[in-house]
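Colleague: I would like to learn how to read a model like this one. Can we go through it feature by feature?

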Amino acid sequence: MTLWVFGDSYSVDSQNTTGSTNWQTIDKSWTELLVDLLGVSKKHVIARPGVSNEWIYGQLLREKDNFKQDDYVIIQPTCSSRKWLIERFPEISNWQFSSLDKRLTKNEINALNLYQRYLINDEINLYNYDMVIRAFMFIAQSIPSVKILIIPGFHNISGITGSLGNVCFGEFVNSTIEDKYYHYHKNDPRINHMHESNHKILAKKIHDFFILNYLVDLTSGFESKFINNSNYRENKCLTP
Amino acid sequence: MSTLWVFGDSYSVPRDYAETDLGIKAGVDQNTYNTNWIQEVEKKLNINDLKIYSNFGVSNEWIFKNVMEQSNNFKPEDCVILQLTNGNRHWWFPDAPAESNLPQLVSHPDWGKEKRKAIDLHLKYLQNDQMDNLIYSSMIYSFMYIKLALPGIKLLFLPGFGKAPETIGNLTVDVCDKEFDSNNTQQNFYNKTGFDNRLNHMSIENHHILADKIGDYFINHTPVDLTTGFKTNIYTKNNI
């Protein structure tokens with residue numbers, strides 16, 4: 001049996017992910033914990049920070065024929081506003097909310113700036129999101145031999161309470177500290193944007209979904225409100 | 001009581017378009033086009049009602065939105081035609097769904113220099129066919145998910161440009177374009193007419209052939225093959 005995980009930075013494979021040098025040291029991430037809890041022999045995490053739903057969907061299409069009976073598959077959709085516009089850089093899809101990457105050419109930066117001013121229609125982002133979620137659901141229905149969980153990073157979907165954003169942002173005492181934290185650290189040092197103890201809680205909830213058919217509730221039961229004004233500069237894992 | 005639902009772009013505008021100011025301006029011959037493929041399909045089926053949601057130049061997001069808004073009204077035994085458009089089109093401007101075909105809009109007379117530049121730079125540096133193909137694919141899967149949820153309805157994918165399940169070929173490459181004996185003839189035809197004066201981009205003979213094929217699909221479950229049986233080489237350099 002294999003555990004497959006498709007997603008963005010909420011799902012990347014722990015410290016193995018490049019692009020950041022300030023990762024906190026934790027024992028195991030939620031995907032690593034799930035390997036133990038589910039008793040699977042292999043794990044394929046196909047996730048990258050900053051990617052769009054189209055990229056995640058494309059990876060799922062590429063791999064779905066490799067799923068074997070009784071495999072576990074987790075699809076973690078990302079934010080609807082991300083757009084994979086520069087084909088060679090799928091990880092630069094969150095350009096609306098981050099400083100533009102130095103790898104982009106001057107022409108690409110100009111194009112993105114003008115795109116942002118004239119060509120963004122938030123409504124179509126929602127339709128594209130709706131399309132991809134229904135497509136995930138269709139794939140889930142059409143491969144009944146594997147167990148599939150769709151667990152959203154940002155926007156609520158039917159069947160799951162909340163999103164991983166509830167876990168990530170719930171760790172801050174308020175939004176002011178949240179802003180200060182991201183401004184100070186630039187790259188979030190928390191593996192998958194959550195504290196080690198929340199990795200354990202999340203892994204348990206996903207295990208209970210797969211094994212006990214429990215619904216996943218991402219709005220309760222997690223450690224929360226422990227990143228505050230006196231500790232937000234800490235790089236190491238805090239004590240909740 | 002059953003309904004024929006048609007969703008699509010200019011390939012699916014109703015026959016009444018020929019009588020509108022736009023249709024007259026485009027030079028659509030009302031005597032020749034006293035019917036179109038949709039009306040002919042309606043005659044072949046035991047249908048009580050016809051509902052058409054289509055427009056020139058729209059994107060798949062616009063088509064998806066209309067399908068989603070109407071899907072709660074679909075009843076068992078209804079026939080639904082999903083005529084899909086080009087995956088490169090997107091619903092860029094909220095109030096102008098018909099202005100989704102960017103290559104045609106670079107020279108839009110009403111738009112300022114900077115907006116035209118945004119489109120020009122988008123086409124040069126941000127056009128990602130891989131992303132567009134994935135969005136197109138996710139839309140098809142999302143429609144298939146609806147089909148799963150509503151097993152009584154008869155649903156036909158009728159691709160305007162790309163591919164779609166069950167149907168062979170598409171309306172542009174296999175019907176519209178093949179009415180010309182060469183690319184030159186086609187270009188000269190469009191230069192001369194200014195706007196395609198063929199209702200739904202096909203000659204009246206091909207409306208009847210298309211309607212026969214669609215009727216055969218809904219009645220006998222015969223897949224629609226757009227690559228054979230249509231009249232071709234109707235237009236030559238000597239008759240345009």
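Colleague: Start with chain B. How many helices and strands does chain B have?

Modeller: This is a predicted model. Chain B has 8 helices and 4 strands. Along the sequence they run β-α-α-β-α-β-α-α-β-α-α-α.

Colleague: How compact is chain B?

Modeller: Compare its radius of gyration with the globule rule. The radius is 18 Å, close to the 18 Å given by the rule for 240 residues, so chain B is as compact as a globular protein of that length. Along the principal axes, its C-alpha atoms fill a box of roughly 50 × 40 × 30 Å. Of the 240 residues, 40% count as buried. For contacts with a separation of 6 or more, 76% join residues 24 or more positions apart.

Colleague: Now the cores. Which residues touch the most other members of the largest nonpolar core?

Modeller: The general idea: in soluble globular proteins, nonpolar side chains tend to be buried together. Here the largest nonpolar core has 100 residues, and A:Ile74, A:Ile75, A:Ala135, A:Phe136, B:Ile81, B:Leu82 and B:Ile214 touch the most other members. Helix 4 of chain A, residues 122-142, gives the most to this core, with 11 residues. Another core, of 6 residues, lies apart from it; B:Val13, B:Tyr17, B:Ala18 and B:Leu199 are among them.

Colleague: What is B:Ile81 in contact with, leaving aside its neighbours within four places in sequence?

Modeller: B:Trp5, B:Val6, B:Leu156 and B:Leu158.

Colleague: On to the interface. Which helix of chain B gives the most to the side that touches chain A?

Modeller: Count the contacts, then sort them by element. In total, 29 residues of chain B are in contact with 30 residues of chain A. Helix 3 (60-70), helix 4 (113-126) and helix 5 (129-149) of chain B each supply at least two residues. Helix 5 gives the most, with 12 residues. By type, this side of chain B has 17 nonpolar, 7 polar and 5 charged residues.

Colleague: What do the buried residues of helix 5 of chain B pack against?

Modeller: Helix 2 (53-63) and helix 4 of chain A, plus helix 3, strand 3 (79-84) and strand 4 (154-159) of chain B. The buried residues include B:Leu134, B:Tyr141 and B:Phe143. Helix 5 of chain B has 21 residues and reaches 30 Å, close to the 30 Å expected.

Colleague: Which residues of helix 3 of chain A are buried?

Modeller: Recall that an α-helix has 3.6 residues a turn, so residues three or four places apart point the same way. In helix 3 of chain A, A:Glu108, A:Ala111, A:Leu112, A:Leu114 and A:Tyr115 are buried. Their cover includes helix 4 of chain B.

Note on methods. Residues are numbered from 1 along each chain as its sequence is written. Chains are lettered from A and ligands numbered from 1 in the order in which they are written. This is a predicted model: local features need pLDDT of at least 70, side-chain atom pairs count only at pLDDT 80 or more; totals for chains, interfaces and linings use all residues. Two residues are in contact if their C-beta atoms, placed from the backbone, lie within 7 Å. Ala, Val, Leu, Ile, Met, Phe, Trp, Tyr, Cys and Pro count as nonpolar, Asp, Glu, Lys and Arg as charged, and the others, Gly among them, as polar. A nonpolar core is a set of buried Ala, Val, Leu, Ile, Met, Phe, Trp, Tyr and Cys residues joined through C-beta atoms within 7 Å. A residue is buried if 20 or more other C-beta atoms lie within 10 Å of its own, exposed if 12 or fewer, and partly exposed in between; C-beta atoms are placed from the backbone. The expected span of a helix is 1.5 Å times one less than its number of residues. The radius of gyration is taken over C-alpha atoms; the globule rule is 2.2 Å times the number of residues to the power 0.38.
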